[in-house]
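Dear colleague,

Please find below the structure that I am handing over to you. My notes on what was found in it follow directly after.

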Amino acid sequence: MLSRAFGFKVVCPGPDFAMLAKAVLSLGLWLQFAAGQNTPERGPQPSASNSEGDLLFLLDSSGSVSYYEFSRVKEFMWDLVQPFTFGPRDVQTSIIHISTTPTMEFPFDRYLSSGTLQQAIRDTQQLMGDTNTGKALSYAKEKFFSDEAGARPDVPKVLVWVTDGFSTDDISEPMQLLKDMGVTVFIVSTGRGSYLELSAAASQPPEKHLYFVDVDDLPIITKELRDAILDVIQANRLHAVDITSSSFRLMWPKLLSQETGYYTLEYAPIDDLARKRTKQVSGAHTSLMLSNLAPETTYEVALIPESNVHYFPPQTTRVTTLAEETSPAQVLISESGPYSFHVSWAPTLDSVISYQILYGPLPGNSVKLLEVDGEHNSTVVENLAPNTTYLVTVTAVYKSGKEKSLSAKACTQEEGSKVRHLRFEDMGPNTLKASWDSADGKVLGYRVRCRRQTGPSSVISVSPQIHSVILTDLASGTTNKVCVKPMYKNQPGKRLCRMVHMQPATEAQGYKHRQRA
């Protein structure tokens, strides 16, 4: 997990991934305040001119997102693009909804001024439905290169996907197709997203293209994400994307055609320019992948347009490759139950023969070993004791004989640690009684969270003997999410959630509820 706003990496090994991430992010905010730094400010921003590109927001509009979260994401979208200049030779923006069926809110070329775009974002309504992200990505691929959608053929393409971390269909194949077509993908996760899945989906490296942040803290990343987008869409500028330890992709604006000339690319380490290498590509190209590069090395790159019609001056840039990848760099624990948990790690490298997973209870000296093929990056550890803390160490065995290890702690759940039979009773106008059957084990109490469609969310904590609460201020005609979670000494139990619909005031008083996992 990455907290890019404060320049450090957060790897969350425990089962409650999102909770720990939010705690670390809050600590970063406190440190920022203590150091006397200014927090991000809303309001007018300096203009980001000399930019040209098609910017598409992939907006989670499904029922897994609350009304409050959807509103905060809309504010974030406007804050992000506010300094841009909009127009047919500047930046164009569109929105595609993730729902049961993907929908384009408006084409790229409809709103070409700040005022009209701001109003269009404010007027965007949540669609609800399923979270079919893969289907929305396939739809985005069509629209990104469609004249009908107002897209332009020869400008940088940027996708910003804001997600709560949940999708009902596969995203890997349609996302890879988008990246293969030259789209730069930024991902902002405001929920329980899998680091492994999202880091593979974002453009590389994930440190520059993937953000984990609570929905209330989105302003923290606004400037950094905007600057990253500007690096892609600055007009008439040679730049690099998908930077790794041994390669990067060069991109440049279209200056030539197949008939009018070709490009010469020269590149060399800045501390050894005599090692200059040269490549030539036809005038139809606007990108080139350079590989077999040295890690942690700054390269001087020159693009020389060779035109038989016009003179174009050379363009230059400097690109620094990343440090050589080592594995494992992250170890994540998920899907924790009473008797098992899932261990995953990243990245997977061709130079690794196998992985060894050592695990044992804390405190104690009993250790067991699992071996996994080097092509895999996860396994399930089983036959564990309930309500126990384990130390898990993943060791990569390289072909060279070297080994690298990284450890994480994991906690198994108590047996039967989930609330059962959450139900509701009408207690009058805008009021419900939520009741549940007790969870097993030594419960210290229950935490009841109500996310209202309109109005503030609320959290109620009760003692282990209490199995019901009164929920008020539930507006008629709204759908609200109620979750009950048992609390234990070492970790929270699994929550049980229900969606509760309050009948409109014109209908008979009462409510409807439906199960939600």
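**Helix α5 and its surroundings**

In this predicted model, helix α5 spans residues 172–180, and P174, M175, L178 and K179 are buried there. Viewed down the axis of α5, these buried residues fall within an arc of 140°, so they line one face of the helix.

Just after α5 comes G182, which takes a positive phi of about 95°.

Strand β23 (residues 420–426) and strand β24 (residues 432–437) run antiparallel and are joined by five bridges.

**Salt bridges**

How many salt bridges does a search of the whole structure find? The search finds 10. Several of them are described below.

The side chains of R72 and D216 form a salt bridge, with an N to O distance of 3.1 Å. This pair links distant parts of the chain, 144 residues apart: R72 belongs to helix α2 (residues 67–81), while D216 sits in the loop between β8 (210–212) and α8 (219–233). R72 counts as buried, at 16% relative accessibility, whereas D216 is partly exposed, with a relative accessible area of 34%.

A salt bridge also joins the side chains of K223 and D227, at 2.9 Å from N to O. K223 and D227 are four residues apart in helix α8, and because of this spacing they are separated by about one helical turn. K223 is exposed, with a relative accessible area of 55%, and D227 counts as partly exposed at 31% relative accessibility.

The side chains of E300 and R318 meet in a salt bridge of 2.7 Å, N to O. E300 lies in strand β14 (residues 298–307) and R318 in strand β15 (residues 315–320), so this pair ties together parts that are 18 residues apart in sequence. Of these two residues, E300 is partly exposed, with a relative accessible area of 26%, and R318 is exposed, with a relative accessible area of 56%.

Finally on this topic, D54, R152 and K157 are linked in a network of salt bridges.

**A nonpolar patch on the surface**

Which residues form a nonpolar patch on the surface? They are L358, V367 and L369, which together have about 250 Å² of accessible area. L358 lies in strand β18 (residues 352–361). This residue, L358, is partly exposed, with a relative accessible area of 34%.

Yours sincerely

Conventions: Residues numbered from 1 in each chain as written. Predicted model: local features only at pLDDT ≥ 70, side-chain atom pairs only at ≥ 80, totals over all residues. Heavy atoms only, no water. Buried < 20%, exposed > 50% of the residue type's maximum accessible area, 1.4 Å probe, protein only. Helix = DSSP H or I, 4+ residues; strand = E, 2+ residues; numbered from the N terminus. Arc of directions from axis to C-beta. Patch = residues over 30% accessible without salt bridge, like charges linked within 9 Å, V, L, I, M, F, W, Y side chains within 5 Å. Areas by Shrake-Rupley, 256 points an atom, 1.4 Å probe, with all protein chains shown as cover. Salt bridge = Lys/Arg side-chain N within 4 Å of Asp/Glu carboxyl O. Pairing = 2+ DSSP bridges.
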